[in-house]
Amino acid sequence: MQVIERVRERSDETTYTAHHHDLLFKQLIHTFFKEFLEAFFPDVHQNIDFRHMSPISEEVFTDLHEGDTRRLDIVMETKLKDEDVILIIHVEPQSYTQSNFRERMYHYFSMLYNKYRKPIVPIAVFSYDHKRKEPTEFDMTFPFFHVLTFNFLALPLKQTNWRDFIKSNNPAAAALLSKMGYTEKERTQVKFEFLRMMSKMELDPARMRLIYGFFDRYLSLSEKEEKIVMEKVKHSPDMEKIMELPISYEEKGKRIGEEKGKKMGKKEVAASMLKKGLSIDLIVEVTGLDAKEVEGLRQ
């Protein structure tokens with residue numbers, strides 16, 4: 001009986017972690033939607049009319065064959081060369097190992113098309129912890145007839161070279177450095193380049209902390225590694241700008257009292273999320289505040 005309970009606890013923990021992971025990605029891409037496309041899908045970015053952007057309510061799909069329910073992360077209605085289109089960005093979680101992703105992506109696509117009857121730009125973000133090739137094409141064919149070929153755009157983060165983005169001032173790229181393909185020896189260099197990128201951006205404190213929180217979630221350095229980063233900062237021509245950066249609420253907590261500091265930073269993030277019209281449940285999940293505290297931040 002105890003073994004069963006432990007297995008159940010591990011399963012619940014895995015489910016919670018995957019859900020939290022989904023929410024972090026969703027918040028990052030929602031907040032920096034334009035910058036995300038600019039960094040990773042420039043052809044899409046160049047053709048979209050960002051004056052016409054309308055989020056569509058979350059779409060939930062149930063796969064009866066697999067017995068699974070999945071939620072598309074970003075569904076946005078916009079215009080592409082004066083034509084109404086639907087743009088979907090689906091994040092495949094690091095712990096999600098179900099097979100036949102390309103078939104599931106086609107399933108999401110076809111369900112949305114049946115509902116809205118508009119052209120769709122499908123994008124998948126692979127956030128696996130290890131390099132893993134995923135086909136981006138789904139075929140249905142017979143020896144005597146080819147029925148269809150479905151293609152989707154993809155961002156395989158672990159197969160993406162982080163050095164390709166360090167000269168940009170793109171906040172989405174800065175945050176996602178933490179999920180790209182670096183080696184163990186490069187961890188401190190990635191953190192240093194992240195700080196250097198952030199020092200060149202002009203963002204409000206809430207957005208700055210969102211990026212810090214995302215980065216620290218996926219690239220958390222040891223005390224020894226942090227000292228190495230600080231040595232790099234001391235010898236950098238950007239030292240003064242880096243040292244002036246607002247710090248994440250975790251670091252802030254260490255300076256002004258752990259719990260008090262964390263709560264101050266989290267409330268700033270929560271207030272920013274409220275202004276963007278995001279749900280109370282999402283804000284609670286991302287910040288760790290309770291629902292009453294979040295409600296109290298409404299102006």
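How exposed is Ser54, going by its relative accessibility? At 36%, Ser54 counts as partly exposed, where buried means under 20% relative accessible area, exposed over 50%, and partly exposed in between (1.4 Å probe, protein chains only).

## What you're looking at

This is a predicted model, so local features need pLDDT of at least 70 and side-chain atom pairs count only at pLDDT 80 or more, while totals for chains, interfaces and linings use all residues. Residues are numbered from 1 along each chain as its sequence is written, and side-chain values use heavy atoms, with hydrogens and water left out.

The protein has 13 helices and nine strands; these are DSSP runs numbered from the N terminus, with helices (H or I) of at least four residues and strands (E) of at least two. Out of 299 residues, 47% count as buried. Take the contacts (heavy atoms within 4.5 Å) with a separation of 6 or more: residues 24 or more positions apart account for 64% of them.

## The sheet

Five strands line up as β1-β4-β5-β6-β9 in an open sheet with mixed pairing; two strands pair if DSSP finds at least two bridges between them. At the edges sit β1 (48-55) and β9 (153-156), each pairing on one side only. From one strand to the next, the twist averages 25°.

Back to Ser54, which is found in strand β1. Leaving out residues up to four places away in sequence, Ser54 touches Val75, Met76 and Glu77. Ser54 and Val75 are 21 residues apart along the chain, and their C-alpha atoms are separated by 8.8 Å.

Strand β4 (residues 74-80) and strand β5 (residues 83-92) pair in the antiparallel sense, with seven bridges. Leu80 stands opposite Glu83 in β5, and Lys79 has Asp84 of β5 as its bridge partner. The hairpin of β4 and β5 has two residues between the strands, and in this hairpin Lys81 takes a positive phi near 55°. Eight of the ten residues of β5 are buried, so β5 is largely enclosed by the rest of the structure.

Next comes β6, which runs parallel to β5 and is joined to it by seven bridges. Across this pairing, Leu87 stands opposite Val121 in β6, and Ile89 stands opposite Ile123 in β6. β6 is mostly covered, with seven of its seven residues buried. Ile120, Pro122, Ala124 and Phe126 point one way from β6, while Val121, Ile123 and Val125 point the other way. β6 also pairs with β9, in the parallel sense and over four bridges; there, Ile123 stands opposite Leu153 in β9.

Which strands does α4 touch? The helix packs on the sheet against β4, β5 and β6 (120-126), and its direction makes about 150° with that of β6. Angles like this one run from 0 to 180 degrees between N-to-C directions, and axes are lines fitted to C-alpha atoms, for helices over the stretch in contact.

Buried residues in α4 are Phe101, Arg104, Met105, Tyr108, Phe109, Ser110 and Leu112. After α4 comes Arg117, with a positive phi near 55°.

## Two helices side by side

Two packed helices are described by the angle between their axes and the distance between the axes. Helix α6 (residues 187-199) and helix α7 (residues 205-218) pack at about 175°, with their axes 12 Å apart. That makes α6 roughly antiparallel to α7; angles over 145 degrees count as roughly antiparallel, under 35 as roughly parallel, 65 to 115 as roughly perpendicular and the rest as oblique.

From α6, the contact is made by Val190, Lys191, Phe194, Leu195 and Met198, and from α7 by Met208, Ile211, Tyr212, Phe215 and Asp216. These contact residues divide into eight nonpolar, no polar and two charged. Here nonpolar covers Ala, Val, Leu, Ile, Met, Phe, Trp, Tyr, Cys and Pro, charged covers Asp, Glu, Lys and Arg, and polar covers the others, Gly among them.
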